[in-house]
Amino acid sequence: MYKIDLNSDLGESFGAYKIGRDSEIVPLVSSANIACGFHAGDPTVMAKTVKLCRESGTAVGAHPGFDDLQGFGRRNMAITPDEAAAIITYQIGALDAFCKSNGLKMQHVKPHGALYNMAAKDASLSDAICRAIYKYEPSLILMGLANSEMIKSAVKIGLPYASEVFADRAYEDDGTLVARSKPRAMIEDEDEAVERVITMIKTHTVKTISGKTIEITPDSVCVHGDSEKALAFVEKIRKALTEEGIEIKGPR
């Protein structure tokens with residue numbers, strides 16, 4: 001039987017600014033990646049989102065990124081491995097406090113945005129991130145881009161991992177994500193997204209932006225919570241997975 005984790009990046013509102021439809025998406029996914037206050041989110045939003053997850057039985061993960069509210073954590077920044085480890089530890093600890101106060105155990109850590117994409121290609125950066133997670137809590141699952149340096153780093157130090165694929169992002173031939181600044185980087189058609197997800201799960205392949213078919217083995221499928229069609233994507237993907245007999249279950 002096929003099974004897959006369905007995750008979404010959530011808790012990305014900040015102060016008076018509301019992003020996403022978290023209260024509607026949380027019950028539909030098996031894992032939530034919650035912003036930790038650097039690229040998005042704030043203490044009130046973090047507390048509210050963790051509570052939503054507790055009420056829905058949705059697993060909680062930290063979604064740490066660059067300290068870049070204005071750029072939403074999607075701008076590359078010069079950072080040393082030691083600095084990366086420090087910001088990862090800081091943000092995990094912040095979210096873990098809300099988990100503990102709600103009687104929850106954090107399931108995973110998924111780096112955000114530019115930090116995620118940089119670590120996918122940079123072995124020293126991915127090593128630092130994985131070491132920071134392992135030192136904080138070695139049972140935490142690293143959620144990282146399938147076939148990336150992050151997965152290699154997790155394997156190397158014995159950190160549990162979940163290989164992540166994306167329903168709403170296009171792929172380059174090397175398995176990395178197409179930069180958002182490029183045309184057709186985002187998959188906007190819901191039916192196309194659903195078809196890609198089912199194909200990745202059942203055949204372990206995906207068609208790249210150039211038309212090439214590459215191998216990819218997913219443990220978790222992500223839908224970005226800040227996109228306009230996030231709720232529609234999650235609803236359609238969840239329905240299709242159920243119809244295809246694919247169990248939706250967290251990676252643990």
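Student: Which residues of α4 are buried?

Tutor: Happy to start there, with one note: this is a predicted model, where local features need pLDDT of at least 70, side-chain atom pairs count only at pLDDT 80 or more, and totals for chains, interfaces and linings use all residues. Residues are numbered from 1 along each chain as its sequence is written, and side-chain values use heavy atoms, with hydrogens and water left out. Buried means under 20% relative accessible area, exposed over 50% and partly exposed in between (1.4 Å probe, protein chains only). By that cut-off, the buried residues of α4 are Gly113, Ala114, Leu115, Tyr116, Ala119 and Ala120.

Student: Against which elements do the buried residues of α4 pack?

Tutor: Helices (H or I, at least four residues) and strands (E, at least two) are DSSP runs, numbered from the N terminus. Contact means heavy atoms within 4.5 Å. On that basis, the partners of the buried α4 residues are α3, α5 (123-136), β5 (141-145), α6 (149-157) and β6.

Student: How many aromatic pairs are found in the whole structure?

Tutor: Rings of Phe, Tyr and Trp (its six-membered ring) pair if their centres lie within 6.5 Å; planes under 30 degrees apart count as stacked, over 60 as edge-to-face and the rest as tilted. Searching the whole structure this way gives two.

Student: What kind of pair do phenylalanine 38 and tyrosine 90 form?

Tutor: Phenylalanine 38 sits in the loop between β2 (31-35) and α2 (43-56), while tyrosine 90 belongs to helix α3 (residues 81-101), 52 residues apart. Phenylalanine 38 counts as buried at 13% relative accessibility, and tyrosine 90 as exposed at 56%. Their ring centres are 5.5 Å apart and the planes meet at 40°, so the pair is tilted.

Student: Is serine 220 buried or exposed?

Tutor: Serine 220 lies in strand β9 (residues 220-224). Leaving aside neighbours within four places in sequence, serine 220 is in contact with Ile4, Asp5, Asn7, Met143, Ser163, Glu164 and Val165. Its relative accessible area is 0%, so serine 220 is buried.

Student: What separates the C-alpha atoms of serine 220 and leucine 6?

Tutor: Along the chain, serine 220 and leucine 6 are 214 residues apart.

Student: What is the phi of asparagine 147?

Tutor: Asparagine 147 has its place in the loop between β5 and α6. At 55% relative accessibility, asparagine 147 counts as exposed. Although asparagine 147 is not a glycine, its phi is positive, at about 70°.

Student: What is the phi of histidine 204?

Tutor: Look in the loop between α7 (190-203) and β7 (205-207) for histidine 204. Histidine 204 counts as partly exposed, at 34% relative accessibility. Histidine 204 is not a glycine either, and its positive phi is about 55°.
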